[in-house]
Amino acid sequence: MCSAGITPERFVCDRSKSTRITPAAPIFAGVMLFVGAVSLYDGYLVLRTGDEIRQFEKNPVGLFLIEHNHGDPIVFLIVKAIGTCIVLSALALLYRRSQRIAFPVASALMLFQAGLLIFLVRA
């Protein structure tokens, strides 16, 4: 096992290259912010509708969580927030690992969230 090629100077030099901010980083951050904002707005609408959420919620898993908690949407909101955090964390990790793959995934997610936002505004 030869480790002669790994020196502290090379490790620091290689690490500094990976933390450089690329011109695409603000765009990616904007996409993540948009996805999080739409999810936050959806959660706000759940709170605003209160007990009427049973009539408005179209997601069968969401309806199950609401019914399971006797009509209180708090469990649904917690699961929704955890899911959003997992998705945004996975997207950030994917961006660090491979920007080439992260941008199409983020674009698809942004389009889905834009469709959800249009649906929420019209409803």
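This is a predicted model: local features need pLDDT of at least 70, side-chain atom pairs count only at pLDDT 80 or more; totals for chains, interfaces and linings use all residues.

Visitor: How many salt bridges does the structure hold?
Guide: There are 2, a salt bridge being a side-chain nitrogen of Lys or Arg within 4 Å of a carboxyl oxygen of Asp or Glu. In one, the side chains of Asp42 and Lys80 meet at 2.8 Å, N to O. This pair joins distant parts of the chain, with Asp42 in helix 2 and Lys80 in helix 5, 38 residues apart. Helices (H or I, at least four residues) are DSSP runs numbered from the N terminus.

Visitor: And is Asp42 buried or exposed?
Guide: Asp42 counts as buried because its relative accessibility is 11%; buried means under 20% relative accessible area, exposed over 50%, and partly exposed in between (1.4 Å probe, protein chains only).

Visitor: Which side chains form the other bridge with Arg54?
Guide: Arg54 meets Glu67 at 3.3 Å, N to O. Arg54 is partly exposed at 36%, and Glu67 is partly exposed at 43%.

Visitor: Changing topic, what is the volume of the largest pocket?
Guide: Its volume is about 770 Å³. On a 1 Å grid over the protein atoms alone, a pocket is an open set of points where a 1.4 Å probe fits, with protein on both sides within 12 Å along at least five of seven lines; lining residues have an atom within 4 Å of a point.

Visitor: What lines the largest pocket?
Guide: The lining has 28 residues, and those nearest the centre include Asp42 and Lys80. Helix 2 gives the largest share, 7 residues.

Visitor: Which residues form the nonpolar surface patch?
Guide: Ile74, Ile78, Ile82 and Ile86 form it, with about 370 Å² of accessible area together. Patches take residues with over 30% relative accessible area and no salt bridge, nonpolar side chains (Val, Leu, Ile, Met, Phe, Trp, Tyr) being joined within 5 Å; areas come from the Shrake-Rupley method with a 1.4 Å probe. Ile86 lies in helix 5 and is exposed at 54%.

Visitor: Lastly, where is His70?
Guide: His70 sits in the loop between helix 4 and helix 5. His70 has a positive phi of about 60°, although it is not a glycine.

Methods
Residues are numbered from 1 along each chain as its sequence is written. Side-chain values use heavy atoms; hydrogens and water are left out. Patches are made of residues with over 30% relative accessible area and no salt bridge: like charges are joined within 9 Å, nonpolar side chains (Val, Leu, Ile, Met, Phe, Trp, Tyr) within 5 Å. Helices (H or I, at least four residues) and strands (E, at least two) are DSSP runs, numbered from the N terminus. Grid points are joined across faces, edges and corners, and a volume is the space filled by probe spheres set on the points.
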